[in-house]
Amino acid sequence: GVFFAFGSFWLLQLMQASDIDAQLGGPPDEPDYIVENFSFVRMTENGQPSYLVSGKRLAHIPNGDVSHVDDPVLRGVEPGRPPMTVVAKNAQIHHQEHRVELMGDVDLQRPKTAQSEALRVRSQALTVLPDEEIVKTDLPIDMQLGASTLKGTGMVANNATQQMHLSSRGQIVYPPRQR
């Protein structure tokens, strides 16, 4: 009877260990949830909306806490800051790092305000740090600020301070002032 009891316990432990993926909701590199046509809002500490993320499809992968997004749209809507919209073909949201990797025909637009000209930046990839209001890339960019154009490789732009750094191979076309 004692051997039967230990044998049953050992067999139960063996079955539970081999079926660990089923207990945890599946393999950690497979999506644990998928959301179609989603939208979520990140709030500031004051309870105001900071930015919105929407897309056609979101698949969350528990391994690394990363979400894969199809047709993402990221909108910065924090009061007191110029609104900014970024669209792309795909994105990866790294939730723990508060970082969004946008890939494929990335198009960033900020409309003209009383303090700044309209801005448009196009690239094949952008990293967005929404909490810091920073966008960056190591790839070529094509930027238009008002009537001025800029082409270059590599960029770090801070929306909060309105500063931009171009890494290399830049060409700026700045039209003459109107009289």
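Guide: Let us begin with a term we shall need: a salt bridge is a side-chain nitrogen of Lys or Arg within 4 Å of a carboxyl oxygen of Asp or Glu. Please keep in mind that this is a predicted model.

Visitor: OK, how many salt bridges does a search of the whole structure find?

Guide: Searching the whole structure turns up eight salt bridges. One of them joins the side chains of aspartate 142 and arginine 122, with an N to O distance of 4.0 Å. This pair links distant parts of the chain, since aspartate 142 lies in strand β9 (residues 134-145) and arginine 122 in strand β8 (residues 119-129), 20 residues apart.

Visitor: And how exposed are aspartate 142 and arginine 122?

Guide: Aspartate 142 has a relative accessibility of 24%, so it counts as partly exposed, and arginine 122 is partly exposed too, with a relative accessible area of 35%.

Visitor: Which residues are linked in a network of salt bridges?

Guide: Glu97, Arg99 and Glu101 are linked in such a network. Arginine 99 pairs with glutamate 97, where the closest N and O atoms are 2.5 Å apart, and the side chain of arginine 99 also meets that of glutamate 101 at 2.5 Å, N to O.

Visitor: Switching topic, what does the secondary structure come to?

Guide: The protein has two helices and eleven strands, and along the sequence they follow the pattern α-α-β-β-β-β-β-β-β-β-β-β-β.

Visitor: What share of the residues is buried?

Guide: Of the 179 residues in the protein, 32% are buried, while the accessible surface comes to about 11,700 Å², with 55% of that belonging to carbon and sulfur atoms.

Definitions and conventions: Residues numbered from 1 in each chain as written. Predicted model: local features only at pLDDT ≥ 70, side-chain atom pairs only at ≥ 80, totals over all residues. Heavy atoms only, no water. Helix = DSSP H or I, 4+ residues; strand = E, 2+ residues; numbered from the N terminus. Buried < 20%, exposed > 50% of the residue type's maximum accessible area, 1.4 Å probe, protein only. Areas by Shrake-Rupley, 256 points an atom, 1.4 Å probe, with all protein chains shown as cover.
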